[in-house]
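Please open the structure in a viewer and keep a selection panel at hand.

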Amino acid sequence: MAKKLLSLLLFLAACSSFAQQKITGLIINEETQEPLAFVNVIFKDQPTQGTISDIDGKFSLITQENQTSLQLSYIGFKTKIIDINLSDSPMTITLKPSEEQLDEVILTSGNPALPIIEKAIANRRENHPENLPEFSHDYYNKVIFDLQSDGKKVDSAFNAVFKGGHILVMESITKKEFKYPRLTNETVIANKVSGFKNPMFTALATNMQPFSFYDEVIDLLDMHFLNPISDGALNKYDYELKETIIQHQDTIHLISFKPQEGKNIEGLKGLLYINTKNYAIQNVIASPFEEMKIDLKIQQQYQYLPEEVWFPEQLNYSLKLSTNAGGNNDFIIAEGKSYIRNVNLQPNLTNKDFSATVLKIDEQAPKKDSLYWENHRIVPLNEQENITYRVVDSLGEEFKFDKAISYMNKLPQGKIPIGKFDLDLKHLFGYNKHEGYRLGLGIYTNEKLIKDVELGGYFGYGFKDHEWKYGLSGKYIISKDDDIFIKAAYQDDIQEIGSYGLPISDEFFNGWRDFIIEKVDHIQKYSFTGGFRSFKYLTTEIELNHSKISPLNNYVFEAPDYNFSPFHHTSASIKLRYAYGEHFVQTPFQKTSLGTHFPILTLQYTRGFDDVLEGDFSYQKIEARIEQDVFLKNFGKTSYRIQVGYVDEVLPRNLLFTGEGSNDEDIPIVIENTFQTMLPYEFLSDRYVDVFLSHNFGSLLFKAGKFNPEIIVHHNLGWGDLSEDYTLYNFKTKEDIYLEGGLELGRILKINYLDMGYLTLGAGAFYRYGNYQLEDFDDNIAFKMNIGFSFN
């Protein structure tokens, strides 16, 4: 009996094995050899049984029926029928691009794509993963850089150097945590870059596209694109139902999308795979609709978790950048893949688990050994990638690639590393109307000499005032995470009048505004500064300052109680900056702000002392500023800055408020957050309110082919007053409101820059009106240029 039962089981197993077929394969583009994501694969004789290739072009099918052929269909490619290969080896299937043009979309009430899109829009917030209470997961990220060329010489040279490998391979493993509504942390716990030991650009793997395709606006390359499933998108996009796929119990609608003709929107084109299970995105392929110098395409694949929610599973992007390296069609290609795993929807996170630094690179990240990588890679390295590591690592050692990366790390700070020292570019060359051309040198120690300590100084010479200037400083960073530092400095230099308060710009220099500086003082200044971060979004700086100020430009301070020059100034100040939602990326070398969508508030209080270190003035000064950039869907970006100041005692003009104008005939450039029609030092105040408003429509109002100028409207107003106790000349007050408006056109002229993008030139006209309008009409108008950079 036992033998009969065993024979029966073996027979049934054999039958089952014969009937059940497992078919695996890879689908690629016949012309480019690139994997094709989301291809529909079905059994020809049983179309309800099938699958969709994953984001890497791979598929796997199991059937209980004895099928003989597969049918593959994909938008833009010829449908293909192939015989089933019963071999254990995966199949490689090529699809040929179709030359047939897609039919034009005709929007009518009967368009079958519209009700599907409407349901996807209605469920967008529910399906958005960042509307979950919390989650955590791991990333495995890989980015590959390659060269694509039509020139045989370039190809030959490339292969001779890289031995059949890629230009570069980057890998990283990242831990991400999220808590609703916007708390997020990412920590790079392992990274590996061929040829490099410096991990500074690992963040490229995950930051080239949004985490999901559910935001109202999709941000790519610092540009804002309207999401085709956002509220109101039905009036902006055309949709076409290309195919409906039955996959087991699921129905998946494949819908193409592109901006409607005549709609001036920053839009996308591509394909949406909408699963009727909660009408969620299962797959998406998207790229900018308008032609740009950089070609960018993103692909996203989602998984349905046991908790009955959709969650990103893999995020891919490809970026194509023209180089014209050999006079041929030469391109740098970057392909990034992020695999999401170990998803946990109940990690029990608290607010204390998060900081303002959203991305950190662990100092041990680049030190993981080969065994660690073998155990943590989602996809093993192929032979070409192994060759890349061997070849490029040896090239990196020989040509010291990490030194080049150190330059990239320092340049945004205005520095060039030279061994254990940094050359400070701010002091290398300059120009202003008082000094004329200024040449100099600034040298400071860096982390290679003493970690977290910076010592150094600068000197400079003005060719118009024929004077030498110099400064010395020492800085100690106590904690990078909490931005705790102390700094001592001495300066023998010049300083613009009215510039003792909040600067026009938070950048390391004020851009074009520095070029029109004319009224200055000679200062000999000692200062001690300390700073720290508290409450996540609040930074505090405290400064003690003693200066000897010698007014220039034939100015002598005259007031009822004072009549002298030079004078001594002793003060203490505290500066608070609160930027809710501001995020940072922290590498082992520096912290970089990613900005915030919320208002930024800055407050500074200064107390002057007349009985400390020979100080001549006892006073209180308060300055405050609030500013924000607000992106409005389908409308552009609104920017505003409101700033106020108040001084309670009579002070020299050097310590008051002036310099808010930027109307200079020699430098007719639009300078943000200044009055474009006001002379630089036209008004003086000991109390003031200034408001700067602008709205950038981008190309939403006008677009004609490649001519897509930005249209920016401005309106600025200011009020200021001055105590009657002053005896001053050649200054006016604006106790009546100062008004000006302007219209600016950007991107009128576009100059191809290295085939990567465009240097853009534009022009604007600003008009001064109201109480301070001048008699001559022409004197009220300021014509100015603007300069920028654009990918499209």
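Begin by selecting helix H7, residues 383–399; its 17 residues reach 24 Å from the first C-alpha to the last, close to the 24 Å expected at 1.5 Å a residue. That expected span is 1.5 Å times one less than the number of residues. Helices (H or I, at least four residues) and strands (E, at least two) are DSSP runs numbered from the N terminus.

The model is predicted: local features need pLDDT of at least 70 and side-chain atom pairs count only at pLDDT 80 or more, whereas totals for chains, interfaces and linings use all residues. Residues are numbered from 1 along each chain as its sequence is written, and side-chain values use heavy atoms, with hydrogens and water left out.

Asn382 caps the N-terminal end, with a side-chain oxygen 3.1 Å from the backbone nitrogen of Gln384. After the helix comes Lys400, which has a positive phi near 55°.

From Tyr389, move to Glu171. The side chains of Glu171 and Tyr389 are joined by a polar contact of 2.6 Å, and a polar contact of 2.6 Å also joins Glu171 to the side chain of Arg377. Such a contact is a pair of N or O atoms within 3.5 Å; within protein, one must be able to donate a hydrogen and the other to accept it, and residues adjacent in sequence count only if both atoms are side-chain atoms. Glu171 lies in strand E9, residues 168–179, and is buried, with a relative accessible area of 1%. Lys142 is 29 residues away along the chain, yet the C-alpha atoms of Glu171 and Lys142 are separated by 4.5 Å.

Now select helix H8, residues 401–410, where Ile405, Ser406, Asn409 and Lys410 are buried. Seen down the axis, these residues fall within an arc of 135°, so they line one face of H8; the arc is that of the directions from the helix axis to the C-beta atoms.

Finally, select Ile281. Its contacts (heavy atoms within 4.5 Å) include Phe213, Leu272, Tyr302 and Trp310, not counting residues up to four places away in sequence.

Technical notes
Buried means under 20% relative accessible area, exposed over 50%, partly exposed in between (1.4 Å probe, protein chains only).
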